[in-house]
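Here are a few notes to read alongside the structure, written for someone meeting it for the first time. Have the view open and follow the points in order.

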Amino acid sequence: KSTPTGDPRAPSWPDDPSTETGKVEAWSHGGGAPWQSASFDAETNTIIIGAGNPAPWNTWKRTSPGGDPADYDNLYTSGQVGVDPTTGEVKWFYQHTPNDAWDFSGNNELVLFEYDENGKTVKAT
């Protein structure tokens, strides 16, 4: 499964009521850092950059006690994000590997290109 856009209602980091923050300790490890260099689409005024895998790699450390790692997608990791550089707002996000436990890195350098499909020009990354 892939996540074409982030659903803010989807569980991203699991709860753990026994911690000070109320979240599993792994949320503070970060992950999802910018990956490689960004691309800029001047036509749409969009910066496109890859986001790295969630951390730590051990999905059980990113899971609530007694939970299942598959319940959490670790939103805004292991994917590509389009950002409006004027406002800083996220235009779109595509998650290649929800809850990435394999360091898949399907978000390497982004090359913007166009191709023709049935007589129509399609912009792609």
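1. A word on terms before the tour: two strands count as paired if DSSP finds at least two bridges between them. Please also keep in mind that this is a predicted model.

2. Start with the sheet. Four strands make up an open sheet, running in the order β1-β2-β3-β4, and their pairing is antiparallel. At the edges sit β1 (34-41) and β4 (90-95), each of which pairs on one side only. From one strand to the next, the twist averages 15 degrees.

3. Strand β1 pairs with β2 (residues 46-51) in the antiparallel sense, over five bridges. To find your place in this pairing, pick out Trp35, which stands opposite Gly50 in β2.

4. Strand β1 also holds Phe40. Is Phe40 buried, partly exposed or exposed? Its relative accessibility is 46%, so Phe40 counts as partly exposed, since that class lies between the limits of 20% and 50%.

5. Now for the aromatic rings. A pair of aromatic rings is described by the distance of the centres and the angle of the planes. Searching the whole structure turns up two aromatic pairs. One of them joins Tyr76 and Phe93: the ring centres are 4.9 Å apart and the planes meet at 65 degrees, so this pair is edge-to-face; the cut-off for that label is an angle over 60 degrees. The pair links distant parts of the chain, with Tyr76 in the loop between β2 and β3 (79-83) and Phe93 in strand β4, 17 residues apart.

6. Finally, turn to the surface. Val111, Phe113 and Tyr115 make a nonpolar surface patch of about 280 Å². Of these residues, Val111 lies in the loop between β4 and β5 (113-117). With a relative accessibility of 56%, Val111 counts as exposed, as the class begins over 50%.

Definitions and conventions: Residues numbered from 1 in each chain as written. Predicted model: local features only at pLDDT ≥ 70, side-chain atom pairs only at ≥ 80, totals over all residues. Heavy atoms only, no water. Helix = DSSP H or I, 4+ residues; strand = E, 2+ residues; numbered from the N terminus. Axes fitted to C-alpha atoms, helices over the stretch in contact; angles between N-to-C directions. Patch = residues over 30% accessible without salt bridge, like charges linked within 9 Å, V, L, I, M, F, W, Y side chains within 5 Å. Areas by Shrake-Rupley, 256 points an atom, 1.4 Å probe, with all protein chains shown as cover. Salt bridge = Lys/Arg side-chain N within 4 Å of Asp/Glu carboxyl O. Buried < 20%, exposed > 50% of the residue type's maximum accessible area, 1.4 Å probe, protein only. Phe/Tyr/Trp six-rings, centres within 6.5 Å; stacked < 30°, edge-to-face > 60°.
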